[in-house]
Amino acid sequence: MGMFDNFLSLIKINKEKMTVLVVGLNNSGKSSIIQQFKRRNEPNSHISIPTVGFTHEEFYNQGVQFTAIDMSGAWKYRNLWQHQFKNCQGIIYVIDANDKMRMVVVKEELDILLQHPDLIDRQIPILFYGNKNDCENSLSSVNIAAALELTKCDKAWHICSSSAKTGDGLEEGIQWLIQQVRNSTHSKKDKHKKK
């Protein structure tokens, strides 16, 4: 990838960049999903360990350089999520589809996120990954959407059944997110031109 990046900089082509916030409860698979995307760019990337606080990860997809702010989902670190809301263009909310017992907590955290002053007036897209679909009793995307009452969400959202282990469903989700951020960016540019 390094030689290609150098070539692009020589011919003055700017790569498209996006910053996404990756949130969800602990053990939902946030870091593993990011590592799945990174493995496509870096074959020797490692299997993830639980995140403490947050980490910045980078990966490329469809010509876009992503900076993923991987936030810890442990209870004592969830208050850190709000410090990154202003810095992101999209949110990836990872849900353990096999953990039915904590779906109420997932909804509570989502409601807090959606009501935060830094997000409430922004049209920021939210991609939900219903992760661990490779487990036998995991909830479907339809059941997760119903449990989270996503039809009431006033932001653009999409939910994908996924597996960080196999990569299933990840590409569909990231394609949707890229398109949403691009649409948002173009509409902002159009508004500035009209002024």
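I searched the whole structure and found 2 cavities of 30 Å³ or more. The model is a predicted one, in which local features need pLDDT of at least 70, side-chain atom pairs count only at pLDDT 80 or more, and totals for chains, interfaces and linings use all residues. Residues are numbered from 1 along each chain as its sequence is written, and side-chain values use heavy atoms, with hydrogens and water left out.

Terms for the search: a cavity is a set of points on a 1 Å grid over the protein atoms alone where a 1.4 Å probe fits but cannot get out, and lining residues have an atom within 4 Å of a point. Points are joined across faces, edges and corners, and the volume is the space filled by probe spheres set on them.

**Largest cavity**

I noted a volume of about 50 Å³ for the largest cavity. Its lining consists of Leu-25, Asn-26, Ser-28, Ile-95, Asp-96, Asp-99, Arg-102, Met-103 and Val-106. I sorted these into 4 nonpolar, 2 polar and 3 charged residues (nonpolar: Ala, Val, Leu, Ile, Met, Phe, Trp, Tyr, Cys and Pro; charged: Asp, Glu, Lys and Arg; polar: the others, Gly among them). At least two lining residues come from each of strand 4 (90-96) and helix 3 (103-114). Helices (H or I, at least four residues) and strands (E, at least two) are DSSP runs, numbered from the N terminus.

**Second largest cavity**

The second largest cavity has a volume of about 40 Å³. I listed Val-22, Lys-30, Ile-33, Ile-34, Phe-37, Phe-59, Ile-92 and Val-94 as its lining. Helix 2 (30-41) and strand 4 are the elements that give two or more residues to this lining. Helix 2 gives the most, with 4 residues. By class I have 7 nonpolar, no polar and 1 charged.

**Phe-37**

I then looked up Phe-37, which sits in helix 2. Phe-37 is buried, because its relative accessible area is 1% (buried is under 20%, exposed over 50%, partly exposed in between; 1.4 Å probe, protein chains only). Leaving aside neighbours within four places in sequence, I find Phe-37 in contact with Phe-59, Asn-61, Tyr-129, Leu-170, Glu-171 and Ile-174 (contact: heavy atoms within 4.5 Å). Phe-37 and Ile-174 are 137 residues apart in sequence, with 9.7 Å from C-alpha to C-alpha.

**Cysteines**

I counted 0 disulfides, taking a disulfide as a pair of cysteine sulfur atoms within 2.5 Å.

Note on methods:
1 Å grid on protein atoms, 1.4 Å probe; cavity = no way out; pocket = protein on both sides within 12 Å on 5 of 7 lines; lining within 4 Å.
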